[in-house]
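Let's take a friendly walk through a protein model, one topic at a time. Keep the picture beside you as you read.

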Amino acid sequence: MVAERAFTRGLARFFQPPPGRGALGIGDDAAVVSNRGARTVVACDPVVEGVHFAPDAPLRLVGRKAVFRNLADLAAMGAVFDYAVVSVLWPSRRPARQLRALMCAVRDAVEGHGGYVVGGDTGSTPGPLTVTVTALGHLRGRPLCRSGARAGDVLFVSAPLGGAILGHHLRFEPPLALGQRLARRRDVTAAIDVSDGLSLDLHTLLCASSSAAGRALCADLMAARIPVSAAARRLARTSGQSALQHALGDGEDHALLYAVRPGRRSASLPRHAIGVVRACARGEAAGTVFLCAPGGAREAVAAGYEHVLGGDSG
């Protein structure tokens with residue numbers, strides 16, 4: 001078995017990076033490539049029945065999610081959305097007439113954010129319904145990346161977290177406007193889409209920034225400052241986990257997590273300041289996320305969702 005992040009790191013070495021100054025290949029929320037003088041931003045994520053949505057989920061919400069999870073990746077890069085290409089693997093057990101509801105939802109989601117569907121493909125499958133959207137956008141300035149955080153940066157998150165399984169994961173709005181706003185600010189150093197859980201996605205950002213800086217970075221999160229959603233509080237009543245644990249690890253929030261250089265301008269951001277990036281102390285591994293309680297206690301946290309690829313054989 002291979003964990004998703006380890007597999008992705010291997011792909012980054014396996015495939016050649018794109019040529020050209022300012023290009024970004026595998027390892028961020030989206031790729032940035034030079035295309036005849038312009039910089040195109042490309043994101044491609046699937047949604048799979050039984051993994052990203054329940055078999056009885058309304059198709060209008062499935063189509064919406066298939067588009068918006070890719071737009072959330074563009075938002076994390078600070079990009080403007082332009083076009084989408086859509087691939088659908090349609091199960092033979094589903095009536096063909098239901099395809100219209102799915103495609104209407106895709107069209108509405110794309111056009112509602114100023115884009116156009118310009119192509120794709122369809123195929124039949126004995127397996128689960130799978131919708132893959134490739135979203136293409138462009139940059140008006142620099143791209144936001146995961147790799148720019150530095151010691152002393154303040155960490156912000158754009159929305160309350162946790163409990164997405166109760167419905168938010170099908171109804172969220174991609175924070176495109178916020179991502180574009182952050183990309184215009186020189187004091188914003190790094191950003192990532194919170195899709196796999198706050199602590200796991202922060203770990204990913206810290207590891208990327210540690211590699212770029214040549215210096216091991218950790219983070220301290222203030223437990224009292226992490227915004228917990230109402231859904232996380234409801235889920236905590238029956239799940240056996242606290243609402244804060246859900247906020248740290250549930251995933252599919254599709255908020256933006258970003259790092260900002262300290263100063264007067266960072267105080268003007270109308271979002272939630274939740275912690276700080278720091279250099280790792282002796283014995284601390286790069287990327288470690290620590291949760292700091294109001295009384296001063298501190299513990300490492302590692303929660304979130306990661307796909308596991310393949311079976312037990314090598």
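**A buried residue to begin with**

E252 has a relative accessible area of 18%, so it counts as buried (buried means under 20% relative accessible area, exposed over 50%, partly exposed in between, with a 1.4 Å probe and protein chains only). This is a predicted model, in which local features need pLDDT of at least 70 and side-chain atom pairs count only at pLDDT 80 or more, while totals for chains, interfaces and linings use all residues. Residues are numbered from 1 along each chain as its sequence is written, and side-chain values use heavy atoms, with hydrogens and water left out.

**Backbone angles**

- E252 sits in the loop between α8 (243-249) and β10; helices (H or I, at least four residues) and strands (E, at least two) are DSSP runs, numbered from the N terminus.
- The phi angle of E252 is near 60°, a positive value in a residue other than glycine.
- H254 is also found in the loop between α8 and β10, and its phi is near 55°, again positive in a residue other than glycine.
- With 4% relative accessibility, H254 counts as buried.

**Cysteines**

- The structure holds one disulfide, meaning a pair of cysteine sulfur atoms within 2.5 Å.
- This disulfide joins C218 to C280, with an S to S distance of 2.3 Å.
- C218 lies in strand β9 (residues 217-222) and C280 in the loop between β11 (272-279) and β12 (289-292), so the pair ties together parts that are 62 residues apart in sequence.
- Because the torsion about the S-S bond of C218 and C280 is about 100°, the disulfide is right-handed.
- Both C218 and C280 are buried.
- C207 is in no disulfide, and the nearest cysteine sulfur, that of C280, is 9.0 Å away.
- C207 has 26% relative accessibility and so counts as partly exposed, whereas C292, at 14%, counts as buried.

**Nonpolar cores**

- The largest nonpolar core has 46 residues, of which V41, V67, L71, L74, F81, V131 and Y258 touch the most other members; such a core is a set of buried Ala, Val, Leu, Ile, Met, Phe, Trp, Tyr and Cys residues joined through side-chain atoms within 4.5 Å.
- Helix α2 gives the most to this core, with eleven residues.
- Apart from this core lies another, of 29 residues, among them L155, I226, A247 and I274.
- Leaving aside neighbours within four places in sequence, L74 is in contact (heavy atoms within 4.5 Å) with residues including A30, V41, F81 and L176.
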